[in-house]
Amino acid sequence: MRETDVLIAGGGPCGLMLANELGRRGVRCLVVDAKAGTAFNPQANATQARTMEHFRRLGFANEIRALGLPADHPTDIAYFTRYAQHELSRISLPTAAEALVRIKSMTGSWSAAELPHRVSQKFVEQALRRHAQAWPSVEVRYGWTLEGFTDDGASVSATVRPTDGAAAQEVRAQFLVGADGARSLVRRTLGIEWGGVTGIQREFMGGKMFAIYLRAPSFLSTLPHSKAWMYVAVNHQRRAFMASVDGVSEYAFHAAIRPDEDADRWTEDDARRVFAEVVGVEIPIEILSMGTWLAGHALVAQTFQRGRVFIAGDAAHLFTPTGGLGYNTAVEDAVNLGWKLASVIRGHAPAALLDSYEAERKPLAERNTGYARRFADSVGLFSAKPELEDASAQGEAERERAARHFNEHARLEFNIPGVTFGGRYDASPVIVGDGAALPPDEPNVYTPTASPGGRPPHAWLDDGTSLYDHFHSEWTLLALGPEAPATAAFESAAQALSIDLRVVRMAQPSLRELYEAPLALIRPDQIVAWRGGPDVDARSVLMRVMASTTSPTRTIQ
């Protein structure tokens, strides 16, 4: 019998991020995934700024930023009738190199420790795996399948088996996390149903899609326009989008399938034909993989936990991939759950703390699937008329109409600091709210606020460092301003409650103004848990944010 603290089913971004969160805290975990290794296909291709901030917190943001596109490659999103024909619209965004230069001068909505990065999930998974396997308490097994499990209330017993048919192994864990994708065995075994909507039909990004991972060395020389990161085709015959994977010759191509087409039977010749339709000319391509997938989901599981078993990532929520929200939401699931599992396993918090995982992440999943659906409607319900490509006055008018629409759409979907930074946990039982008026939740505008439940307002300090770089890896108490109050009450209460708390004093008056309070308590996942002044019962605050009614125990009851 193999013993571990946490068994993680699924070695994608969510499962690997969770392994890193647990590993850095010395928690034993075993990751199993039926695949032979990390993803081969590009899958998600954009890492949001908030996700990059978490990679920075773990110490490898620069490593991630060096992956994917070359540092000087454009990250523009451009819209065409066909790639070799008319350009309709373009939103220009900074290259990776420019992001490093610009970031310290950006204020307001985009004040952040990190900016977004255009990098394929396949590269991110490789980095996450390397770091996860470096932790002594983490074991990662690809080529192993979770076959079944039972939760007896005291532990979870599971059977895992190598995919080559070798002997199965029994595993006993304190907790099981199903990060095992859209067809999650864990979710189905628990009998958890989906909520939300599916089967949404649109001209594009609603219904069956055809995916090709391809190599096209001559594409950029064929393109009569400036190169971009994402190329979107809008015409009456075939809607599609294509993202550059390596900035040189590899691309992730996705095309809408018409109702009269049976793409499941398509051959490589069909794939080349579809690609040529979208480019507007035939160019040689090497097909690395191909297949179909279904767009039109906005689904969230009805519950994220049953007993000692949790679900996360695509097992808990399914997106239409507009806005790139699925992978990034999955990473934050792992960030949220990781510190809570570690706190309970190490005896620093009661099991009740784990109830806050669903209370916090399910509303966020519903919010984010709603935003993704809104973006998909914006791009997918646009009707491309046959005249769009005509060399006529009517064709020019149609192209102007399309340009107006996609200029607006591009900014709606790809300039989203509000979505990226504005998620909040206001209804959480482990957030001590202060009743402050909150800014509206809008996709394209983010107004920083230190009101408990959200991301701490970011600032670059006088010495050129990020405020976030001064946060403790566990709990941080910010003492702000030139006359910051004493913090002894919090320090003594934290010691008594076995909470790893560090006081960080920042005398800059601007930070006191930004946080609108002299004290702010920051969680391990960099969420404001409480803010206020010295006239507070520090022990009560700390017990509330750890879901504790008594002193912590050292074992799971």
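**View A. Arginine charges over aromatic rings.** R141 lies over the face of W144, 4.4 Å from the ring centre. A charge counts as over a ring when NZ of Lys or CZ of Arg is within 6 Å of the ring centre and within 35 degrees of the ring normal. The model is predicted: local features need pLDDT of at least 70, side-chain atom pairs count only at pLDDT 80 or more, and totals for chains, interfaces and linings use all residues. Residues are numbered from 1 along each chain as its sequence is written, and side-chain values use heavy atoms, without hydrogens and water.

**View B. The ring pair W110 and F421.** Ring centres lie 5.7 Å apart with planes at 75°, so the pair is edge-to-face. Rings of Phe, Tyr and Trp (its six-membered ring) pair if their centres lie within 6.5 Å; planes under 30 degrees apart count as stacked, over 60 as edge-to-face and the rest as tilted. W110 sits in the loop between α4 (96-102) and α5 (121-134), and F421 in helix α12 (residues 417-421), 311 residues apart. Helices (H or I, at least four residues) and strands (E, at least two) are DSSP runs, numbered from the N terminus. W110 is buried at 17% relative accessibility; F421 is buried at 3%. Buried means under 20% relative accessible area, exposed over 50%, partly exposed in between (1.4 Å probe, protein chains only).

**View C. The ring pair F310 and Y357.** Centres are 5.9 Å apart and planes at 75°, so this pair is edge-to-face. F310 belongs to strand β17 (residues 309-311), Y357 to helix α10 (residues 355-380). Both are buried.
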